[in-house]
Amino acid sequence: MKKLSLIITLLLAVLLLQNCKKDTYTEIATSNNTLFAVINDTTWSAVNIQAALTYNSATKTKVFTCTGIATNQKVTFNITATNTINTASFPLQTFNDDGSTITFGYLRANSSGTYIPQGTVAAGSGTITFTSVDSVARKCSGTFSCIAQHTNYDNMGNILSITTNDVANGAFNNLPYTFTSN
């Protein structure tokens with residue numbers, strides 16, 4: 001009788017184990033936000049966004065400017081493309097901050113609401129890539145990142161520390177822009 005109850009117990013245990021299946025979950029990171037980034041390890045998504053493309057016929061340049069604001073933080077970038085033609089499009093390529101024609105900025109609002117730069121984005125410390133441009137609908141998409149560094153000094157001019165602000169994994173999705181030609 002003991003053998004029979006042992007066999008039945010083992011058989012029930014096998015049946016129970018076969019019905020247990022491991023659940024599998026797959027997460028996919030997507031965003032419907034127009035302009036967002038990870039700033040100093042915190043997700044930031046712009047609420048107020050302004051983007052414009054301006055063509056200068058005298059210099060045959062196009063300047064793309066973008067400003068995004070949210071949670072007392074502002075991200076800006078300005079990109080100048082040279083030897084261009086007068087269209088509402090922009091080159092699909094990667095641009096690296098050179099400190100003059102391609103620049104980035106990261107600013108925070110102080111208690112009075114004035115935005116103060118949180119360091120300087122040195123040449124080579126920022127990148128923006130345009131992955132798609134719809135010149136008819138005037139929308140563009142791409143990615144960006146930059147690092148702003150601020151050197152903190154004491155009263156004697158000695159360096160106390162360097163504050164680094166990392167704007168990483170930035171993206172703009174179907175970002176609407178205006179086009180002006182002059």
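Which residue in E7 does Asn 78 stand opposite? I found Thr 103 in E7 opposite Asn 78.

Before going on, I noted that this is a predicted model, in which local features need pLDDT of at least 70 and side-chain atom pairs count only at pLDDT 80 or more, while totals for chains, interfaces and linings use all residues. Residues are numbered from 1 along each chain as its sequence is written, and side-chain values use heavy atoms, with hydrogens and water left out.

**Entry 1: overall make-up.** I counted 1 helix and 12 strands in the protein, taking helices (H or I, at least four residues) and strands (E, at least two) as DSSP runs numbered from the N terminus. Of the 182 residues, 29% count as buried, where buried means under 20% relative accessible area, exposed over 50% and partly exposed in between (1.4 Å probe, protein chains only).

**Entry 2: confidence.** The mean pLDDT (the predictor's confidence in each residue, from 0 to 100) is 86, and 82% of the residues reach 70 or more. Over residues 22–30 pLDDT stays under 50, and the model has 0 contacts beyond four places in sequence for them; contact here means heavy atoms within 4.5 Å. Where pLDDT is low, the predicted coordinates should not be read in detail.

**Entry 3: strands around E7.** I followed E7 (residues 102–109) to strand E5 (residues 73–81), with which E7 pairs in the antiparallel sense over 7 bridges; two strands pair if DSSP finds at least two bridges between them. E7 also pairs in the antiparallel sense with strand E8 (residues 115–117), over 3 bridges, and there Leu 107 has Pro 117 in E8 as its bridge partner. E7 and E8 form a hairpin with 5 residues between them, and Gly 113 in the turn has a positive phi of about 90°.

Entry 4: Is Ser 141 buried or exposed? Ser 141, placed in strand E10 (residues 139–153), counts as buried because its relative accessibility is 11%. Its side chain reaches the backbone nitrogen of Asn 174 at 2.9 Å. Not counting residues up to four places away in sequence, Ser 141 touches several residues, among them Phe 130, Thr 131 and Phe 172.

I then turned to Thr 131, which lies in strand E9 (residues 126–134) and, leaving aside neighbours within four places in sequence, is in contact with Leu 92, Ser 141 and Gly 142. Thr 131 and Pro 91 are 40 residues apart in sequence and 9.1 Å apart in space, C-alpha to C-alpha.

Key. A polar contact is a pair of N or O atoms within 3.5 Å; within protein, one must be able to donate a hydrogen and the other to accept it, and residues adjacent in sequence count only if both atoms are side-chain atoms.
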